[in-house]
Amino acid sequence: MQVVPSGQTCGAIVSGLDLREPLAPARLEALRQAWLKHQVIGIVGQSLSVDDLERFAPQIGPWGDDPFIAALPGHPHVVEVRREPDEQAPLFADNWHSDWSFLGSPPAATMLYGSVVPPVGGDTLFANLHAAWEALPPAMQARIAPLQGIHSASRSYSKKGRYGEADKGRSMTIKSSDDALATQTHPLVRTHPETGRKALFVSPAYTVGIEGMPEDEAKSLLAELCAHAGEERFVYRHTWQPGMLTLWDNRCLNHRATGGYEGHRRLLHRITIGERSLAPAP
């Protein structure tokens, strides 16, 4: 296995693996450590079916939830991220976010496999939230450390949200619902359960307020923090290849999609990975 860092704020390319076969324990642990170190890794040179993805994913962690997006028939944990060549609907997931942060237990990781990759465009941007936290002035760190962010899917998946009832002509099957109006609190500063490093845990897509803070004040503070987290110095641009499996850490990254592949089909297969238990075996 070879790991080549991106040279940017995070990210690495991994080669020399065949994910169609179960990984030996030592190789799997080396892969996990590369992922934890670099936060997002692209594992290249794969030729994976949906069944292969389903066999590999549990080696990383337990199945996660995928609310509001329909799974593939017969594959309850696999979602298609699809866009057809002539599709006119707004680009999916092009706002900074950490996947499903509005859940009580947000996912640890997301796996996304490049089944059909256009010849141009479609990069995914990742923002390193460890680096964003560490670059904040000490006074701001002290101010936000005790605060709880309010997360909600309302802006995206409620009936009046971006992917709600007015969203037409989309090839993906999105299930908007007023269940998206529910809220969940999480610390604005999150400690990574596996590495112990601190990270910001805010995004413009899902963080809608701050517990106990007036709306105007919270809106201003969140705008400042989200703008800081999205600064270019914290961002890694991930370029897709056919047969690449990308694995990223939702606990310390925001990400967003980019376009630039109009007239081309794009099809990615996605699996969400939950937190694995860190409790010692009895």
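Which element gives the largest share of the lining of the second largest pocket? I started my notebook with that one, and the answer is α6, with 6 residues.

**Ground rules.** I am working with a predicted model, where local features need pLDDT of at least 70, side-chain atom pairs count only at pLDDT 80 or more, and totals for chains, interfaces and linings use all residues. Residues are numbered from 1 along each chain as its sequence is written, and side-chain values use heavy atoms, with hydrogens and water left out.

**Second largest pocket.** I noted a volume of about 200 Å³ here. (A pocket is an open set of points on a 1 Å grid over the protein atoms alone, where a 1.4 Å probe fits, with protein on both sides within 12 Å along at least five of seven lines; lining residues have an atom within 4 Å of a point. A volume is the space filled by probe spheres set on the points, which are joined across faces, edges and corners.) The lining has 15 residues, and Arg155, Thr207, Val208, Lys219 and Leu222 are the closest to the centre. At least two lining residues each come from β11 (207-210) and α6 (215-229). (Helices, H or I, have at least four residues and strands, E, at least two; both are DSSP runs numbered from the N terminus.)

**Largest pocket.** Next I looked up the largest pocket, which holds about 410 Å³ of space. I found 32 residues in its lining, with Phe92, Ala93, Asp94, His97 and Ala257 nearest the centre.

**Aromatic rings.** My search of the whole structure gave 9 aromatic pairs. (Rings of Phe, Tyr and Trp, the last by its six-membered ring, pair if their centres lie within 6.5 Å; planes under 30 degrees apart count as stacked, over 60 as edge-to-face and the rest as tilted.) Tryptophan 100 and phenylalanine 102 are edge-to-face, because their planes are at 65 degrees, with ring centres 5.6 Å apart. Both of these residues are buried. (Buried means under 20% relative accessible area, exposed over 50%, partly exposed in between, with a 1.4 Å probe and protein chains only.)

I then checked phenylalanine 126 and tyrosine 236: their centres are 6.3 Å apart and their planes at 25 degrees, so they are stacked.

**Charges over rings.** Finally, I found the charged end of arginine 190 over the ring of phenylalanine 201, 4.7 Å from its centre. (The cut-offs are NZ of Lys or CZ of Arg within 6 Å of the ring centre and within 35 degrees of the ring normal.)
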